[in-house]
Amino acid sequence: MRSWLRVGAGALVVGVVTAGCQWPRDVDGTLERVRGGTLRVGVVEAEPWAAAAEGPRGVEVRLVEELAGRVGAEVSWVPGATAELVSGLHDGALDLVVGGLTAQDPWTAEVTFTRPYVTTRTVVAVPGGEPAPEDVAGRTVRLEADPQLEGLLRSAGAVPQVVPDAGGGTGPVAVEDWELDLHGLRGTGVELQSADHVWAVRSGESGWQVEVERFLLRLDPAHVQRLLDEEGA
Amino acid sequence: MRVYADHEMPPEVERLYRRAVRLERWTLAYLVSAVALMGLVLGQSQAMKAAWVEDLLSLLPAIAFLVASRFREREASQRFPYGFHRVVSAAYLIASFALLVMGVLLFADSAYRLLIRERPSIGLVEVFGFQVWLGWPMIAALVWSAVPAVVLGRMKLPMAARLHDKVLYADAEMNRADWLTAVAAIVGVLGIGAGLWWADAVAAVVISLDITRDGLRNVRSAFADLMDRIPTSPGEEQPLELIAVVERHVRSLAWVREAEVRLREHGHLVTGEVYVVPEETGAPLPHLVQEAVDDLQQLDWRLREVVVVPLPALHDERGSAPRPGKR
């Protein structure tokens, strides 16, 4: 047992020495490859975070471009469904997957999520001039088509009414907290759900993960809000 | 047969035992703090998880010791005519069996992860506004779990021997396993930082083998004690010297022509039978037997309820004395 530990410690010393000044290191050297090279990013369709259709755009697409600028990389965008992008990331065909991923998503066995960099909330709001109801029970609440949100409203006792555009109209409406100013709405204090937004990196690439997390954790919340305003409009 | 003295141990042993109980309470408090702290920084490291599970597990011997300490001194009752000393053996079996099961589970888990080439990674964490690599606080937590374990283990080993308490011994062993585990886990975390994907899983496998070996050895020993194996000192499979001491003492008695001793462990105590063939001395046999029983009790505090049985011959054709196996 003790000799095993000694062998392990010896191997470790060798590893640390060869690691040089970079710490922590990647198993597959993603960070080294990406620096001054190509950053392969999977994009999940999830507006306003990411949209791949006519040239990728969205909040997270723009953030990825900022990150790529920091490490001097060229971005190669790969649109796709979450499951196939996650499996591509697992196999090392991608370096990063973005597009409205949240910490609650179920992919952590295949890939590693970064720390959440922004938390968004779905709230019940009313148009600027209207009085805010204390409670949504029994009230009609408008929302844009979203079965999960509809269920949440029902279990809160509200009567959901699906509308094509939550921005117009009168009476309570369920929207994301970052859209409030955009639509001239006022929160009622009723929160329906919250989402911790994360990106996915390949497991084992600790050095790359630390680089991405350092970028995300240093983001100014006001900057993220500005991007949401621009991309959500 | 007489009813034995109320006091279980001589005063100095009693004091030592009370110290052991205090030490185990501290152990429990410290382990709970380590488990809680480690739970906060668990992350994805397999070795870290292994260390955490082992910490959870290492609560068991301490708990078993403290629970047993509540029962072992209870007086014998009509339903429990032999008293409650054997609760110590039962506690020892429970603790060591859990240890074994856990070791096997951990081995299967980490070997599987090695097989599917799982690549754990450790990212950043924000501590008081500073971004640090999560590996460093993980290592700090592991060191916190290792240092007191070394100290506690070292304190318990000599106590376990003097108290003849195998649960305490198992717990001292567990403390040793704890700090070995922590060192291996630190190797695993540093391995992840160095980009060696296998280092973590290999460290976890090594840990699990250590736990399994520990568990096996202890389960075997606990079973053997419950099967009335001859008394052995904690941690050693060697027979207690006490057996020879008893034999010598009984054979040295003037009225004893021949004697055969058969002892077994009874929790932290030692009990059994002494078969003697008396000489014709004219002295009343019941009194001699009584005296011998009292003497044996004076010989060592662990000797309790040893029965002295006078027989006309040790091994005649009727097989009156159970024949002890060859030693």
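How many residues does helix α4 of chain B have, and how far does the helix reach from its first C-alpha to its last?

## The model and helix α4 of chain B

Helix α4 (residues 135-163) of chain B has 29 residues and reaches 41 Å from its first C-alpha to its last, close to the 42 Å expected at 1.5 Å a residue, where the expected span is 1.5 Å times one less than the number of residues. This is a predicted model, in which local features need pLDDT of at least 70 and side-chain atom pairs count only at pLDDT 80 or more, while totals for chains, interfaces and linings use all residues. Residues are numbered from 1 along each chain as its sequence is written, and chains are lettered from A and ligands numbered from 1 in the order in which they are written. Helices (H or I, at least four residues) and strands (E, at least two) are DSSP runs, numbered from the N terminus.

Among the buried residues of α4(B) are B:Gly135, B:Met138, B:Ala141, B:Leu142, B:Ser145 and B:Ala149; a residue is buried if 20 or more other C-beta atoms, placed from the backbone, lie within 10 Å of its own, exposed if 12 or fewer, and partly exposed in between. An α-helix has 3.6 residues a turn, so residues three or four places apart point the same way. Just after α4(B), B:His164 takes a positive phi of about 50°.

## Chain A

The secondary structure of chain A comes to 7 helices and 10 strands, and the C-alpha atoms of the chain fill a box of roughly 70 × 45 × 30 Å along the principal axes. Of the 233 residues in chain A, 36% are buried. In an unreviewed entry, the UniProt annotation "domain: Solute-binding protein family 3/N-terminal" covers residues 38-231 of chain A; such annotations are given here in the numbering used for the model, with feature names shortened, and may be inferred rather than shown by experiment. The span of residues 38-231 of chain A is 28% helix and 29% strand, and its end C-alpha atoms lie 25 Å apart.

An open sheet of 5 strands in chain A has the order β2-β1-β3-β10-β4, with mixed pairing, where two strands pair if DSSP finds at least two bridges between them. The edge strands, β2 (74-80) and β4 (112-113) of chain A, each pair on one side only. Within chain A, β3 (residues 96-98) and β10 (residues 200-201) pair in the antiparallel sense over 2 bridges, and A:Val97 stands opposite A:Ala200 in β10(A).

## Domains of chain B

Chain B is divided into domain 1 (11-226) and domain 2 (241-310), with bounds that come from an automatic or database domain assignment. Taken over C-alpha atoms, the centres of these two domains of chain B are separated by 41 Å. Their contact takes 11 residues from domain 1 of chain B and 7 residues from domain 2 of chain B; two residues are in contact if their C-beta atoms, placed from the backbone, lie within 7 Å.

B:Ala259 is found in strand β3 (residues 256-266) of chain B, and it counts as buried because it has 23 C-beta neighbours inside 10 Å. Leaving out residues up to four places away in sequence, B:Ala259 touches B:Glu247, B:Val250, B:Arg251, B:Val274, B:Tyr275 and B:Val276.

## Where the chains meet

Between the chains, 26 residues of chain B are in contact with 26 residues of chain A. On the side of chain B that touches chain A, α5(B) gives the most, with 7 residues.
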